[in-house]
Amino acid sequence: MLQAGKLLQISRIYVEPAAAALPRGQEILARWPDADVVEVASHWRIPELSGDEANVRRWVRIKTEALIVGVKKSLTAKPNGRSADFIAPSTANGCAMACAYCYVPRHKGYSNPITVFANIDQISGYLERHVARQGMKLEPNQCDQHAWVYDIGENSDCSVDAIVSDNVRDLVDLYRDLPTAKLSFATKYVNRDLLAWDPQERTRIRFSLMPEKLARTVDVRTTPVAERIAAINDFVEAGYEVHVNFSPVIITPGWQDDWRELFGQLDAALSPAARRQLAAEVIFLTHNQQLHEVKLGWHPQAEEILWRPDLQETKRSQNGFTNVRYVAYDKRGYLDEFLRLADAHLPYCRIRYAF
């Protein structure tokens, strides 16, 4: 496992005055008493952190050394229906890791260090009221048979966020006492401090997995895949519901053999208890033209894998971005083949959804 001290060496904290006045903001500042504190009007688009041309070669250093503390102003639980019934208001965004395919950086100046929100009491209160308004879940769906599922990590990795503040633990504690709901987040980082939190199966952790040799190129600064697999049994035993994300599926020469090997590693590692509750999501790669052009200045080796005009077609997103994905007809074939491989090697693993 990457040690937290290597992942985060915070030397400068950018903070909104309103966040610094809150108890959680004060707690975060106290965790790094030697850091320079810079007051900012807004946690968005801080000039010395934002922009691609000037900062592209400094991304990892910025992610390691900079932290932003702000106040989450818009509190909305967005309907989802894929990973979760609802996407909860973020308690953080950005990440200390640097996965080459990540779509989030284009929204926040590309370097995209962690921003943590100090108004956790306000966020928690909103979520508790939102859960209460839903009532009982009367119709099972692919998100969950009985509980309303809230994804709390759409724009960050909560296992890393838990190093920075107690926000994630507060939400785990909150949902433990909400009998009609559970929370969920995907992660590429094994934070064993979470094993002591007693979630009582009201928190679903989704460990993201891909073939190890591919991950060594594109999963930058993450916990090695073998360690993520090895952690699954421990998290199940600690009271978490543990699913996996096969994500992103990237088409490379011999991709079928690579995934067959990963499925074998997973099957060999899982305890009977982990197998009984296992389910998965399958997500094929989507890339972005602007992000591709920027990352050519940072990680061109990864772009040789991710940017494949011979296999991909363009799609304009709702936000106006030019995204690329595998040609639809070919992707249907890739997906069918992937699902056949998964069924052959992990027959007990329910695929919740795939796209």
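Q: How are H10 and H11 oriented, roughly parallel to each other or roughly perpendicular?
A: Bearing in mind that this is a predicted model, H10 and H11 pack at an angle of about 30 degrees, with their axes 9 Å apart, and they are therefore roughly parallel to each other. The crossing of the two helices H10 and H11 is right-handed.

Q: Which residues meet there, between H10 and H11?
A: From H10 there are Val-225, Ile-229, Ile-232 and Asn-233, and these meet Leu-262, Gln-265, Leu-266 and Ala-269 in H11. Sorted by class, the contact of H10 with H11 has six nonpolar and two polar residues, and no charged residues.

Q: And which residues of H10 are buried?
A: The buried residues are Val-225, Arg-228, Ile-229, Ala-231, Ile-232, Phe-235 and Val-236. An α-helix has 3.6 residues a turn, so residues three or four places apart point the same way.

Q: What covers those buried residues of H10?
A: The cover includes H11, and also strand E10 (203–209), helix H9 (212–218), strand E11 (241–249) and helix H12 (272–277).

Q: Where does H10 bend?
A: Helix H10, which spans residues 225–237, bends by about 30 degrees at Ala-231, and Ala-231 is also one of the buried residues of the helix. Just after H10, Gly-239 takes a positive phi of about 105 degrees.

Q: Back to H11: at what angle do the axes of H11 and H15 cross?
A: The axes of H11 (residues 255–269) and H15 (residues 328–345) cross at roughly 30 degrees and come within 10 Å, and H11 and H15 are therefore roughly parallel to each other. The crossing of H11 and H15 is right-handed.

Q: Which residues make up that contact between H11 and H15?
A: On the H11 side they are Trp-255, Gln-256, Trp-259, Arg-260, Phe-263 and Asp-267, which meet Tyr-334, Glu-337, Phe-338, Leu-341, Ala-342 and His-345 in H15. By class, the contact of H11 with H15 has seven nonpolar, two polar and three charged residues, whereas the contact of H10 with H11 has no charged residues.

Q: Switching to the backbone, which residues does a cis peptide bond join?
A: A cis peptide bond joins Ser-247 and Pro-248, with omega at about -15 degrees, and Pro-248 is found in strand E11.

Q: What about Glu-201, where does it sit and what is its phi?
A: Glu-201 lies in the loop between strand E9 (181–187) and E10, and has a positive phi of about 60 degrees although it is not a glycine. Glu-201 is exposed, with a relative accessible area of 54%.

Q: And Arg-221, buried or exposed?
A: Arg-221 is buried, with a relative accessible area of 18%. It is found in the loop between H9 and H10, and its phi is near 70 degrees, a positive value in a residue other than glycine.

Q: Last one: where is Tyr-103 found?
A: Tyr-103 is in the loop between strand E6 (92–93) and strand E7 (115–117), where it is partly exposed, with a relative accessible area of 39%.

Q: What is Tyr-103 in contact with, leaving aside its neighbours within four places in sequence?
A: With those neighbours within four places in sequence left aside, Tyr-103 is in contact with Glu-154, Asn-155 and Leu-291. Tyr-103 and Thr-286 are 183 residues apart in sequence, and 8.4 Å apart in space, C-alpha to C-alpha.

Technical notes
Residues are numbered from 1 along each chain as its sequence is written. This is a predicted model: local features need pLDDT of at least 70, side-chain atom pairs count only at pLDDT 80 or more; totals for chains, interfaces and linings use all residues. Side-chain values use heavy atoms; hydrogens and water are left out. Axes are lines fitted to C-alpha atoms, for helices over the stretch in contact, and angles run from 0 to 180 degrees between N-to-C directions. Helices (H or I, at least four residues) and strands (E, at least two) are DSSP runs, numbered from the N terminus. Angles under 35 degrees count as roughly parallel, over 145 as roughly antiparallel, 65 to 115 as roughly perpendicular and the rest as oblique. A crossing is left-handed if the near helix is turned anticlockwise from the far one by less than a right angle, and right-handed if clockwise. Contact means heavy atoms within 4.5 Å. Ala, Val, Leu, Ile, Met, Phe, Trp, Tyr, Cys and Pro count as nonpolar, Asp, Glu, Lys and Arg as charged, and the others, Gly among them, as polar. The bend at a residue is the angle between axes fitted to the seven residues ending there and the seven starting there. Buried means under 20% relative accessible area, exposed over 50%, partly exposed in between (1.4 Å probe, protein chains only).
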